[in-house]
Amino acid sequence: MPIAVRGSHRTTGHTITDQFRAFDAHNPHVYYALERMAALRLAAGATRIGMKDLFEDLRRELPHGVAGLNNNFTALYARKLIDGHPRWAGAFELRRRRAA
């Protein structure tokens with residue numbers, strides 16, 4: 001099922017977190033797709049999941065790519081998935097954040 005992604009939010013002066021929040025608010029289907037992909041991998045027996053691998057799979061899954069899906073968002077999507085699914089915490093490696 002093709003997913004349309006609305007605009008990039010690369011506004012100068014905004015933090016990565018601000019950019020992520022804007023992108024995520026306009027493209028909630030990206031989170032749901034990542035959630036589905038993570039759930040499938042875990043159900044298949046995976047114990048570790050690389051968010052960048054999920055990003056690349058998502059880009060390949062969509063016929064026209066995902067405009068605005070910035071690799072800087074990987075850690076923020078991993079944290080959002082863990083917030084929504086605390087039992088998945090061990091599947092994603094998180095590092096301490098240096099900036100907001």
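Start with Asp-24. It counts as buried, at 11% relative accessibility. Buried here means under 20% relative accessible area, exposed means over 50%, and partly exposed lies in between, with a 1.4 Å probe and protein chains only. Asp-24 is in helix α1. Helices are DSSP runs of H or I, at least four residues, and strands are E runs of at least two, numbered from the N terminus.

A word on the source. This is a predicted model, where local features need pLDDT of at least 70 and side-chain atom pairs count only at pLDDT 80 or more, while totals for chains, interfaces and linings use all residues. Residues are numbered from 1 along each chain as its sequence is written, and side-chain values use heavy atoms, with hydrogens and water left out.

What does Asp-24 join by a polar contact? The side chain of Lys-80, at 2.4 Å. A polar contact is a pair of N or O atoms within 3.5 Å; within protein, one must be able to donate a hydrogen and the other to accept it, and residues adjacent in sequence count only if both atoms are side-chain atoms. Leaving aside neighbours within four places in sequence, Asp-24 is in contact with Tyr-31, Tyr-77 and Lys-80. Contact means heavy atoms within 4.5 Å.

Now Lys-80. It sits in helix α4. Beyond four places in sequence, Lys-80 touches Phe-20, Asp-24 and Tyr-31. Lys-80 and Tyr-31 are 49 residues apart in sequence, yet 8.4 Å apart in space, C-alpha to C-alpha.

That takes us to the helix pair. Val-30, Tyr-31, Leu-34 and Glu-35 in α2 meet Tyr-77, Lys-80, Leu-81 and Gly-84 in α4. The axes of α2 and α4 come within 11 Å and cross at roughly 70 degrees. The cover over the buried residues of α4 includes α1, α2 and α3. Those buried residues are Thr-74, Leu-76, Tyr-77, Ala-78, Leu-81 and Ile-82.

Last, the core. The largest nonpolar core has 25 residues, and Leu-34, Met-51, Leu-58, Tyr-77 and Phe-92 have the most contacts inside it. A nonpolar core is a set of buried Ala, Val, Leu, Ile, Met, Phe, Trp, Tyr and Cys residues joined through side-chain atoms within 4.5 Å. Helices α1 (16-26), α2 (28-43), α3 (51-61) and α4 (74-84) each supply at least two residues of this core. The largest share, six residues, comes from α2.

Methods:
Axes fitted to C-alpha atoms, helices over the stretch in contact; angles between N-to-C directions.
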